[in-house]
Amino acid sequence: MLKFLSVRLTTSLIALTGVMVIVFFLARLTGSPASLYLPVDATDAMVEAFNRQNGLDKPLVSQFVDFVANALRLDFGQSIAQQRPAATAVLSAMPQTILLAAIAMGLTLLLAIPLGTFAALSPNSTLDRGITLFSLFTASIPDFWFALVCVLVFSVSLGLLPTSGQGGLSSWVLPVATVMLHPVGVITQVVRGAMLETLNAGYVQNARARGYSWRRLAFRHALRNAALPIITVAGDRAGGMVNGAVIVSAVFAWPGIGKVLVDAVYNRDFAVIQAGVFVVGIAVILLNILVDLVYAAADPRIRVS
Amino acid sequence: MLAVYKFPDCQRQLILTQRRLRIREENLVTNYVKRVPALKTLMLSAAMTVVGGAALAAEGSIVLVLPSEPTSVDACDDSTNANARVLRGNVVEGLTRLDPKTGQVEPLLATEWKRVDDKTWLFTLRPDVKFHDGASLNAEAVAFGINRSMNADLVCQTLSLFKTKTTASIESDMVVKIVTEDADPILPARIAYIDLPSPATPPAAKTDTPIGTGPFKFAGRDIGQSITLAANETYWDGAPDFAEAKYVWRSEPTIRASMIKAGEADIAIDIPFHEAEGLPNAQEYATNSVFFLRPMLRKPPLDDLRVRQAVNAAIDKDTLTEVLMDHSGVPAQQLVSPLINGNIPDFAGTAYDLDRAKALIAEAKAAGVAVDTPIELIARSDLFSGINEVSQAIQQMLQEAGLKVNLKPVDSAAWSPWARKPDSLEQPANLLTVTHDNISGDASLSFPNYFSSGGRLSMANDTALDEKLAKAATLVGDERTAAYRDIAKAAYGEEIIIPVAALQSRLLTSDKVSYEANGFTDIELHLADVKKK
């Protein structure tokens, strides 16, 4: 187990290091922050002073050496846009992001697994067609449009929920629903497909012949055997929720990491881009390890080694 | 409290009379003075209802929803819209301010000013004004604030507005002396952009807790979420109506409008027409911002006047503004609005005439101009809502006229090398999309940037025009206005820039507040002008 974790961590960190190096140089190819933060008619002296203050006056290699030296101490520098340490800017957005992702993924699984299973239990029935239609609808609908329509209906017309921002429990409803939208549809389809295949397996037919109920068979035996593709897709979608959710941030002004990263790119806030990629990278690595562990728990044939 | 509300008109009348008397006294002792008009005094006094000397306390709170968060809350960065509309006139104030309707300079923290010689000005300060930290407004504090903004190492946004070195010093306790290296006849207007921080502000570092003299104190900031201001009960011009103002940021215009409709906010700006249509509390206003194209004058085919005239004639501004801009613009023929002295009254400009555009291009081609050279249309995606569609339409219109135009969408950072010298001089033939706003009342903050050979954003290279600009900068009054109009006529005749649309915006208010939008609203949204209904 420890060996598995150390190997997994080592290979992941090597990949993350490579990504960080690429991000460092790619970010600087996108243009100088001085052109964004200073007036268009700023003097050369102002531009020079700005670059000096933000360490942008040094040669690129020298900037990279400084970045590596500081990053080893988890110091990613100062955010130009937010005027605070970049790590603080990123980490302050992480708790809300993780909580939102956890709630949304939990609810997604609670909804998608039963729906996919019931659809698989009666293939081509009205129920199956209804669930398939629903899942295709949620997987296809543009989340941006969905979010705005929800605001117009539930906030403006009905006055039931706040339009945006983060306040009480009610402020979570629309962001969570928006984040769940696509994963619910996709995972329902994955569950249905995996369950159909499993339910047609010989051991299930045999058990059925022995008089086991479909419900017992489906939820006790077949679902566990169908779990691997579900875990894979759910893990992938959870990663997307952690580093994505930009729509939720943009529409609902949700303080998430997705918006922090997108804003940092637009603002040429190199320090925040680098800190954001690092933190999200770590989160994805941990998520992948978690998915591997869940594989092993779900299927005893898979060993953590 | 009930008694206070019982006779508001009488109270206001009393204050009005007191103020008129005060103004008359000031008129007697000063010569070269600009004053608050009586009507302005009436409006300001409405914010201050006094009974027996006790000021009416501010109460309640308002929420303002804006598209973008300030990038800095330091007073010396108040020249960008996002920063100024939260801080300027609310937390921090300058010596003077500009009237949004006339563009005239009005007293603010200075009650009067005098030009001693070409390069020296004396500003007399308003007495009994205190910063939010209790420090008194005096010449020392003002000199500190002005010189701090001029510190090149601090990289203040406002610094670029001062083309000549400007230094403040103490003349006496309540008189500050401002000296400019070169003559600056419009210094009182220019100084309106310098907001004055408390002397306790770090002199060589930006602050994230601004302290000023304004009607509101900076109460707190949740980065990315909100900024909260609290009423300054001892404000020199009377406490504001509301005890608290909270700013929140929503980039989506639909959400900003929804917050008003759902009763979550009281003022929302930059609302598209379709979100405001039919609402009784919607206001449409001109922003003083003009959208124009800047041709690359130094490379073919745009170095030929006929080609530039063809570009102007080929753009159907009526269709662009009516169909594509969703009522967010009206056709424009000039760089500056009527608020600015360089605006030419009744200037006809160039009418849409596709046949003429085609003929001009044919004429240029016959004369050997390489009209087939590809022209890059540099479309900056964040200029205004719908810029991408407008740019595509312009591309189509120019292609229809016979030019070869490639559309190149860019963000603001990628736009910069196309816009600013020296990089812009190395670019291929292009038409640059630009928006420019000027609320100073004076064309010196517009024309040199775009029309002079040395202008950072200019592609012009015309010695005669440079001389005219240099001379105009030294003139005052009607002579100055005439000189800038003459320059404008010459520049438009040479198609140095091609104006397309004067931008308009919309604002929504809740039933709780009354606020009259003006040409400054997108830049300065004064909370003292927001009243309880």
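Let me begin with a question: in which hand of crossing, left-handed or right-handed, does H6(A) pass H9(A)? The crossing is right-handed; by convention, a crossing is left-handed if the near helix is turned anticlockwise from the far one by less than a right angle, and right-handed if clockwise.

Before going further, two remarks on conventions. This is a predicted model, in which local features need pLDDT of at least 70 and side-chain atom pairs count only at pLDDT 80 or more, while totals for chains, interfaces and linings use all residues. Residues are numbered from 1 along each chain as its sequence is written, with chains lettered from A and ligands numbered from 1 in the order in which they are written.

Helix H6 of chain A covers residues 94–121, and packs against H9(A) at an angle of about 35 degrees, the axes being 7 Å apart. Here axes are lines fitted to C-alpha atoms, for helices over the stretch in contact, and angles run from 0 to 180 degrees between N-to-C directions. Helices (H or I, at least four residues) and strands (E, at least two) are DSSP runs, numbered from the N terminus. Chain A has 15 helices and zero strands.

Now to the core. The largest nonpolar core holds 223 residues, and Val90(A), Val142(B), Ala268(B) and Ile487(B) have the most contacts inside it. Such a core is a set of buried Ala, Val, Leu, Ile, Met, Phe, Trp, Tyr and Cys residues joined through C-beta atoms within 7 Å. Helix H9 of chain A, residues 170–199, gives the most to this core, with 12 residues.

Contact requires C-beta atoms, placed from the backbone, within 7 Å.

Why does Trp113(B) count as buried? Because Trp113(B) has 23 C-beta neighbours inside 10 Å; a residue is buried at 20 or more, exposed at 12 or fewer, and partly exposed in between, with C-beta atoms placed from the backbone. Trp113(B) lies in strand E6 of chain B, residues 110–117. In chain A, 38% of the 305 residues count as buried.

Finally, the interface: 34 residues of chain A are in contact with 35 residues of chain B. Elements giving two or more residues to the chain A side include helix H3 (44–53) and helix H8 (143–157).

Notes
Two residues are in contact if their C-beta atoms, placed from the backbone, lie within 7 Å.
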